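Morning, everyone. I have one chain to walk through today, so please get the viewer open. Here it is.

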Amino acid sequence: TVTARLHEHYERAIVANTSSDGEAGRNVQIQCQERHQALRRQTQEDVRDVLELVLSGVVSECAEVLRRKQRPDDYLIYTDAAKNADHLTAHPTTACTDCVNAINAHHFLLQSHLEAENLHSFLGTLGSKLHRMLLDHIYTFRITMIGGRQLQSDMMSYCTCLRSFNHPRV
């Protein structure tokens, strides 16, 4: 991680090259150590802030995709359309497919930019926030019995996507 590399640099470049002989040497080491600790805290805070921005950005993007693409009648399929219901409900809606594609794209990028331990923690939080966002989104719709089958198809797609996070909270 960034902070681990910072600490390695501190140990290798600063501690190794400052003398603890005499009071002046000890003062220099103390100053370096204080600056190192302050820099380390600031770096950790900055990384947390960036990850929080990424987290809210991914969830916001998915919410926006659903807001723009989910039609009010996606889950409002009436009995007169029942003869086509199997065809209509066999596949996720376009909004669902686009949202899942966005989640998968972000998941791929996160896998290549975060270390395993950080990735696992981040995906757990992301999965929980996406779950909440999806529930809030679904609660805004009226759903018929046949529309419920379409919703089931969408939910299966969302669940499959989020299960790929391999996190027990999701």
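Start with burial: of the 170 residues in this chain, 32% are buried. Keep in mind that this is a predicted model. The accessible surface is about 11000 Å². Carbon and sulfur atoms account for 55% of that surface.

Next, the fold. The chain has six helices and zero strands. Along the sequence, the pattern reads α-α-α-α-α-α. Now look at contacts between residues at least 6 apart in sequence: 81% of them join residues at least 24 apart.

On to the core. The largest nonpolar core holds 25 residues. Which members touch the most other members? Those are Ile103, Leu126 and Leu130.

Take Ile103. Leave out residues up to four places away in sequence, and Ile103 touches Cys62, Leu130, Cys161, Leu162 and Phe165. Note that Leu130, one of those partners, is also among the residues that touch the most other core members.

Now the helix pairs. Two packed helices are described by the angle between their axes and the distance between the axes.

First pair on my list: H5 and H6. How do they cross, and at what angle? Their axes come within 11 Å and cross at roughly 170°. The cut-off for roughly antiparallel is over 145 degrees, so H5 and H6 are roughly antiparallel to each other. From H5, the contact uses Gly127, Leu130, Leu134 and Ile138. From H6, Leu151, Met155, Tyr158 and Leu162 take part. By class, that contact has seven nonpolar residues, one polar and no charged.

Next pair: H4 and H6. Here the axes are 10 Å apart, and the angle is about 5°. Angles under 35 degrees count as roughly parallel, so H4 and H6 are roughly parallel to each other. H4 brings Cys96, Cys99, Val100, Ile103 and Asn104 to the contact. H6 brings Asp154, Ser157, Tyr158, Cys161 and Leu162. The split by class is seven nonpolar, two polar and one charged.

Over to you for questions.

Technical notes
Residues numbered from 1 in each chain as written. Predicted model: local features only at pLDDT ≥ 70, side-chain atom pairs only at ≥ 80, totals over all residues. Heavy atoms only, no water. Core = buried A, V, L, I, M, F, W, Y, C linked by side-chain atoms within 4.5 Å. Buried < 20%, exposed > 50% of the residue type's maximum accessible area, 1.4 Å probe, protein only. Contact = heavy atoms within 4.5 Å. Axes fitted to C-alpha atoms, helices over the stretch in contact; angles between N-to-C directions. Helix = DSSP H or I, 4+ residues; strand = E, 2+ residues; numbered from the N terminus. Parallel < 35°, antiparallel > 145°, perpendicular 65-115°, else oblique. Nonpolar A, V, L, I, M, F, W, Y, C, P; charged D, E, K, R; others polar. Areas by Shrake-Rupley, 256 points an atom, 1.4 Å probe, with all protein chains shown as cover.
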